[in-house]
Every structure is written in C-alpha cells, then in structure tokens.
Amino acid sequence: MIFVFSAPSGSGKSTLINHLMNRIDGLNFSVSATSRAPRGEERDGVEYHFLTTTEFEQKIKEGAFIEYEEVYAGTYYGTLRSEIDSRLQRGENVVLDIDVKGGLNVKRIYGEQAMLIFVQPPSVDELRRRLEARRTDSAEKIEQRVAKATYELTFAPQFDVVIVNDDLDRAKQEVVDLVGGKIEADKQA
C-alpha cells in the first residue's frame with residue numbers, strides 16, 4: 001500500500017507521520033528527489049536523491065516522476081516512480097508526504113493501492129495561530145501560507161480520508177488505527 005499524507009503547513013502532518021512511523025512496523029518513508037544541493041550532513045539516497053537541475057529536467061522529460069514541483073526557479077522536488085515501484089515490488093508499505101496535487105496524481109496512477117489522507121486544521125484561524133506560535137515566519141510569509149492553505153483545503157473532499165487535527169492525541173490514534181487497519185485488511189485480501 002501507499003499512504004499519501006497531504007496538508008496545509010501547520011496542520012500537524014509531520015507530527016502525525018513521525019508518530020505513525022514509530023508505532024507501525026513495516027512502513028517505509030519515500031525518499032524524494034531534489035535539484036537543490038545537500039545541506040549539512042544530508043546524504044544522497046537517505047534524506048533525498050540529489051540530482052542536478054539538468055538531470056531532474058531530463059527525468060521529467062522521461063516521465064520518471066509520479067509527481068514533481070518547481071518550488072523556486074530551477075529548484076525541483078519530486079517523487080521518482082522507481083522509488084515507489086521498487087518498494088512495492090519488495091512488498092513494502094510506503095508513506096509519502098506530498099502536496100495535494102501530487103497526492104491526487106499518485107491516486108490516478110496507483111488507484112486502490114494508494115490511500116490519500118488529508119490532515120486538516122480545525123479552522124483557518126487556528127492554523128494562523130499555530131503558524132504565528134512557531135515564530136519561524138514573517139507576518140507576510142504567514143499570510144502566504146494561510147492563503148495557500150485556504151486553496152489546499154478545497155482539495156480535501158477528493159481525498160479518501162480527512163483527519164481533523166483539533167486534538168493531537170486523538171488524531172495520532174486515528175492515523176495509527178486507519179493505517180494499521182488498512183494494512184491488516186490488505187493482508188487478509
């Protein structure tokens with residue numbers, strides 16, 4: 001199975017994914033590709049598959065990505081189809097953390113083998129409060145994130161499951177129950 005998580009920034013998606021990865025054995029986090037240079041101690045094939053911009057653009061032309069995005073001019077991030085397919089062929093369950101459009105593309109390609117999970121904040125106002133509480137972004141950047149979140153929320157109805165993260169402990173349990181249940185059901189099939 002492929003478990004795709006998408007959410008607006010500040011929804012708690014990374015916290016839920018980390019909890020899930022620590023609670024359920026046999027989940028494998030997909031390593032994304034990027035055209036940016038490694039930072040600090042990052043290693044190729046561990047944190048990211050590091051490609052040059054030219055290599056990344058060539059792989060786009062070859063159709064090697066199930067989803068990608070040019071985040072900044074010449075700086076791409078994406079999921080290589082070979083990364084997902086090789087894990088599935090080994091019988092592994094894969095977790096993806098990607099944007100809403102990428103998630104829908106994974107579902108289009110893999111169908112019922114992919115479960116799309118949208119993590120939603122209780123409200124846009126609460127999302128703004130969480131982003132402000134982080135104290136990592138300027139007021140302008142927070143407004144950009146809130147505007148993007150408002151847009152991303154329109155995609156939630158197209159996902160298989162929407163988890164409203166208004167109580168973190170409950171949301172953690174919901175994610176573990178959901179993914180664990182799906183893996184068990186898949187084994188029985």
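**Ground rules**

The model is predicted, so I ask for pLDDT of at least 70 for local features and count side-chain atom pairs only at pLDDT 80 or more, while totals for chains, interfaces and linings use all residues. Residues are numbered from 1 along each chain as its sequence is written, and side-chain values use heavy atoms, with hydrogens and water left out.

**Pocket**

I went for the largest pocket and got a volume of about 1,500 Å³. Pocket here means an open set of points on a 1 Å grid over the protein atoms alone, where a 1.4 Å probe fits, with protein on both sides within 12 Å along at least five of seven lines. Grid points are joined across faces, edges and corners, and the volume is the space filled by probe spheres set on the points.

The lining of the largest pocket has 43 residues, and Lys 13, Asp 97, Asp 99, Arg 145 and Lys 148 lie nearest the centre. By type, the lining divides into 15 nonpolar, 14 polar and 14 charged residues.

Which element gives the largest share of the lining? Helix 6 does, with six residues. Helix 1 (13-23), strand 5 (65-72), strand 6 (75-80), strand 7 (93-97) and helix 6 (139-153) each supply at least two. Helices (H or I, at least four residues) and strands (E, at least two) are DSSP runs, numbered from the N terminus.

**Helix 1**

I listed the buried residues of helix 1 and found Lys 13, Leu 16, Ile 17, His 19 and Leu 20. They fall within an arc of 160° seen down the axis, so they line one face of the helix. Buried is under 20% relative accessible area, exposed is over 50%, and partly exposed is in between (1.4 Å probe, protein chains only). The arc is taken over the directions from the helix axis to the C-beta atoms. The buried residues of helix 1 pack against strand 1, strand 2, strand 7, strand 8 and helix 7, with contact meaning heavy atoms within 4.5 Å.

I also checked Ser 14, which is found in helix 1 and counts as partly exposed at 42% relative accessibility. Ser 14 and Asp 97 are 83 residues apart along the chain, yet their C-alpha atoms are separated by 8.1 Å.

**Helix 4**

In helix 4 (residues 100-110), the buried set is Val 100, Gly 102, Gly 103, Val 106, Lys 107 and Tyr 110. Down the axis, these buried residues fall within an arc of 160°, so they line one face of helix 4. The face turned away carries the exposed Lys 101 and Arg 108. Among the elements covering the buried residues are helix 3 (81-89), strand 8 (114-120) and helix 6.

**Helix 7**

How far apart are the end C-alpha atoms of helix 7 (residues 168-188)? They are 30 Å apart, which agrees with the 30 Å that its 21 residues should span at 1.5 Å a residue; the expected span is 1.5 Å times one less than the number of residues. Ala 171, Val 175, Val 176, Val 179 and Ile 183 are buried in helix 7. They cover an arc of only 135° around the axis, which puts them on the same side of the helix. Exposed Asp 169 and Gln 188 sit on the face turned away. The cover over the buried side includes helix 1, strand 2 (27-29) and strand 9 (161-164).

Lys 187 lies in helix 7 and is exposed at 59% relative accessibility.

- Is Arg 87 buried or exposed? At 14% relative accessibility, Arg 87 counts as buried. It lies in helix 3 and touches Asn 28, Phe 29, Val 31, Glu 92 and Val 94, not counting residues up to four places away in sequence.
- Arg 135 has a positive phi near 55° without being glycine. Most residues other than glycine have a negative phi. Arg 135 lies in the loop between helix 5 (124-134) and helix 6, exposed at 76%.
- Gln 158, in the loop between helix 6 and strand 9, is partly exposed at 48%. Leaving aside neighbours within four places in sequence, Gln 158 is in contact with Leu 104 and Leu 116.

Key:
1 Å grid on protein atoms, 1.4 Å probe; cavity = no way out; pocket = protein on both sides within 12 Å on 5 of 7 lines; lining within 4 Å. Nonpolar A, V, L, I, M, F, W, Y, C, P; charged D, E, K, R; others polar.
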